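Here is a short report for a first look. Please keep the sequence and the structure in view while reading.

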Amino acid sequence: SFSGAESVGLVSLLMGINNPSAEVIAAVEGAVNWFETHKIVGIKLTRVVNSDGKRDRIVVEDEDARPIWGRFYDLDTKKIYFCDRDGIKKNSLAEIGYERRNGYSWYTYAPQYILDQYPEWVTKIKGKP
C-alpha cells in the first residue's frame with residue numbers, strides 16, 4: 001500500500017540529507033505532491049460511547065477539521081482502505097470490527113509535518129523562496 005503514516009519518516013530522512021542528489025530531490029517533491037493530493041478534508045475522528053457502553057472511534061463530518069490522511073491507500077485504486085485481521089479491504093472505518101477500529105491508527109496527521117517543513121527545505125536545497 002501507499003502509506004500516509006510510515007512515509008513521513010522516510011521523507012523526513014530524505015529531507016535531512018545535505019547536498020541531496022536529483023533523485024532524492026525528486027523523491028521528496030513526489031512525496032509532497034502525494035501528500036497534498038491525498039489529504040482528506042472535512043472529517044475528523046471522534047470518540048463516542050456505543051450501545052454497549054464502550055468507547056468507540058467514529059468518523060464525523062467537520063468542515064473546520066484539519067487535514068487528515070489515511071494510514072493505507074490501495075496501490076491500484078489509490079483510495080484509503082481499512083481491514084480487520086482477515087485482511088479483507090473495506091472502504092470505511094465503520095465497516096471493520098470494534099477491536100481493529102479502536103486498536104489501530106487508521107488515520108494520521110503526520111504528513112502535515114512534511115508539508116510544513118517543505119518550504120524551508122526548498123529554500124535550503126534550491127535557494128528559492
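## The core

The largest nonpolar core has 27 residues. Those with the most contacts inside it are Val11, Phe35, Ile40, Phe82, Trp106, Tyr107 and Ile114. A nonpolar core is a set of buried Ala, Val, Leu, Ile, Met, Phe, Trp, Tyr and Cys residues joined through side-chain atoms within 4.5 Å. Buried means under 20% relative accessible area, exposed over 50%, and partly exposed in between (1.4 Å probe, protein chains only). H1, H2, strand S5 (72-73), strand S6 (82-83) and H4 each supply at least two residues of this core. The largest share, six residues, comes from H2.

This is a predicted model: local features need pLDDT of at least 70, side-chain atom pairs count only at pLDDT 80 or more, and totals for chains, interfaces and linings use all residues. Residues are numbered from 1 along each chain as its sequence is written, and side-chain values use heavy atoms, with hydrogens and water left out.

## Elements

The protein has four helices and eight strands. Helices (H or I, at least four residues) and strands (E, at least two) are DSSP runs, numbered from the N terminus.

| Element | Residues |
|---|---|
| Helix H1 | residues 6-15 |
| Helix H2 | residues 22-38 |
| Helix H4 | residues 111-126 |

Which residues of H1 are buried? They are Val8, Val11 and Met15. They cover an arc of only 70° around the axis, so they sit on the same side of H1. The arc is that of the directions from the helix axis to the C-beta atoms. On the other side of H1, Leu10 and Leu13 are exposed. The buried residues of H1 pack against H2 and H4.

Strands S2 (residues 43-49) and S3 (residues 55-61) run antiparallel, joined by seven bridges. Two strands pair if DSSP finds at least two bridges between them. Ile43 stands opposite Glu61 in S3. Five residues lie between the strands of this hairpin, where Gly53 takes a positive phi near 80°.

## Arg71

Arg71 sits in the loop between strand S4 (69-70) and S5. Is Arg71 buried or exposed? Arg71 is buried, with a relative accessible area of 15%. A polar atom of its side chain lies 3.1 Å from the backbone oxygen of Ser105. Contact means heavy atoms within 4.5 Å.

Technical notes:
Polar contact = N/O pair within 3.5 Å; in protein donor to acceptor, adjacent residues only side chain to side chain.
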